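Subject: Structure handover

Dear colleague,

Here is the structure I promised to pass on. Please open it alongside this note; my findings follow below.

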Amino acid sequence: MKYISTRGNAPELSFTEAMLTGLARDGGLYVPKKIPTMTHDEIAGLAGLSYEEIAFRVMKPFIGDSFTDEEFQGIIGRAYAGFRHDARAPLVQLAPNHYLLELFHGPTLAFKDFAMQLIGQLFQFELARRKERVTIVGATSGDTGSAAIEAFRGLKNVDVFILFPNGRVSDIQRKQMTTPDDANVHALALEGDFDDCQARLKDMFNDFEFRDGVKLAGVNSINWARVLAQVVYFFSSAVSLGAPHRKVSFTVPTGNFGDIFAGYIAKKMGLPIEKLVIATNQNDILHRTMQTGAYTKQGVTPSISPSMDIQVSSNFERALFDAYDRDGAAVAQLMDELKEGSFTISQGAMEALREQFVSGRATEAETKDTIKSEFAASGEVLCPHSAVGVKVGHEYQSEVPMITLATAHPAKFPDAVEMAMGTRPALPAHMQDMMGQEERMCKVPNQLPLLQTIIKDRIASR
Ligand SMILES: *Cc1c(COP(=O)(O)O)cnc(C)c1O
């Protein structure tokens, strides 16, 4: 299995090479040269299996001969052993034909653990085999950072630097990043918003001297291995509701387009998905794009669902690549235009996108109303991101079962939940200790050379 860049101008890589590289050297994102498919019988055969066994069968065709079956099974087993629910990704019913996929039973209480715990195990295995070390730099709107730190803390051949927007993450998100005291963990509070963090990260990848000098690796959702890990729960949940004999639809609270793109891959692999619904908060660039065909940046307006406060949605590039019939030059041209603030998608590509995706948005008031009304209707306490999904999911309900992804535990966003429904969700016991612990972080300006110096100094002094 080979991986190619969405901008058509970078070397083809194997699975492990694409995983260790992150961003392609032409600025593009790696995607499989060909999407493997599963037959109706192979999908039917997933029914009743453990999450780990489903993960093995779904991901195996994508990894080629990078690992033996025993090695890959060991990696998957270790990745999900720390989850606090035997089903890993349980489904609960909200209403007739509307289900919630709870993706928050991992160590940091958000769905990012599914990908990050797996990536941590994959990196550890592969770096030990190659006798190499890497510097991981990640940008986060809150949940990626804590999930990455939890997955990589204490590992010998990895330093992990996390850039987060100073003052724009919740207290719990910040503490999850600043309280681990492992010497290889570095939390950097950047003066700016999430798009600034992501832009500086991309700058570092495009500075080849720095990139090669520190052996930079990326674990943001631009990393193909993360998308792949997320494909699994689309299969596990659909099969438990009767797929492939019965179709299902999914609604995905979306920011960087990683999670919903994983759903698209599941569909391409043969999972019978009727609708893939993009749900955005008031930062609705993706919803506007689906309606108008113009992808136009506006400023980010902070919301109560901060992990979706994004205007440059990195993984959308992967969807564009397919919508433009895998024409890397066309994608590179659009991304060039985006530097000026916007691009317009061709009519043909827009038709292709609309065949795969529909979209909706939730305002702040609608998000709060949904938290309140869903608790009254089903007793389920939603985090604000999941509430955006449930609001939009209801709008697209039909006779086909709708599965809405619950992307974080409500206790991760206690202020928003309390504001909406009057009671404060309790933090699970294993996380309560953290709140009193000492924080370590470094405030940094939004300036590339300074950031690079800080990173080089920190590595040198270890
Ligand atoms: C990251 C995140 C999202 C958005 O996911 P994308 O893959 O970036 O679209 C939604 N909700 C929560 C809680 C998140 O942490």
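Helices (H or I, at least four residues) and strands (E, at least two) are DSSP runs, numbered from the N terminus.

Two points on provenance. This is a predicted model, in which local features need pLDDT of at least 70 and side-chain atom pairs count only at pLDDT 80 or more, while totals for chains, interfaces and linings use all residues. Residues are numbered from 1 along each chain as its sequence is written, and side-chain values use heavy atoms, with hydrogens and water left out.

**Helix H16**

H16 covers residues 364-378. Contact means heavy atoms within 4.5 Å.

Two strands pair if DSSP finds at least two bridges between them. Five strands form an open sheet with parallel pairing, in the order S8-S5-S6-S7-S15. S8 (216-217) and S15 are the edge strands, and each pairs on one side only. Two bridges join S5 (residues 134-139) to S8. There, Ile-136 stands opposite Ala-217.

Axes are lines fitted to C-alpha atoms, for helices over the stretch in contact, and angles run from 0 to 180 degrees between N-to-C directions. Helix H6 (residues 143-152) packs on the sheet, touching S5, S6 and S7, and makes about 165° with S6. Helix H8 (residues 194-206) lies across S5, S6, S7 and S8, at about 150° to S5.

How many residues of S7 are buried? Six of the six (residues 185-190), so S7 is largely enclosed by the rest of the structure. Val-185, Ala-187 and Ala-189 point one way; His-186, Leu-188 and Leu-190 point the other. S7 pairs with S6 (residues 158-165) over six bridges, with Leu-188 as the partner of Leu-163. S7 also pairs with S15 (residues 442-444) over three bridges, where Ala-189 stands opposite Lys-443.

**The mixed sheet**

An open sheet of six strands runs S3-S4-S14-S9-S10-S13, with mixed pairing. S3 and S13 (357-361) stand at the edges with a single partner strand each, so one side of each is left without a neighbour in the sheet. The twist averages 30° from one strand to the next. S3 and S4 (residues 98-102) pair in the antiparallel sense over four bridges. Gln-93 has Tyr-99 as its bridge partner in S4. Helix H15 (residues 347-356) packs on this sheet, touching S10 (273-280) and S13, and makes about 75° with S13.

**One buried glutamate**

Glu-52 lies in helix H3 (residues 51-63). Glu-52 is buried, at 18% relative accessible area. Leaving aside neighbours within four places in sequence, Glu-52 is in contact with Ile-76, Gly-77, Tyr-80 and Arg-88.

Best regards

Note on methods:
Buried means under 20% relative accessible area, exposed over 50%, partly exposed in between (1.4 Å probe, protein chains only). The expected span of a helix is 1.5 Å times one less than its number of residues.
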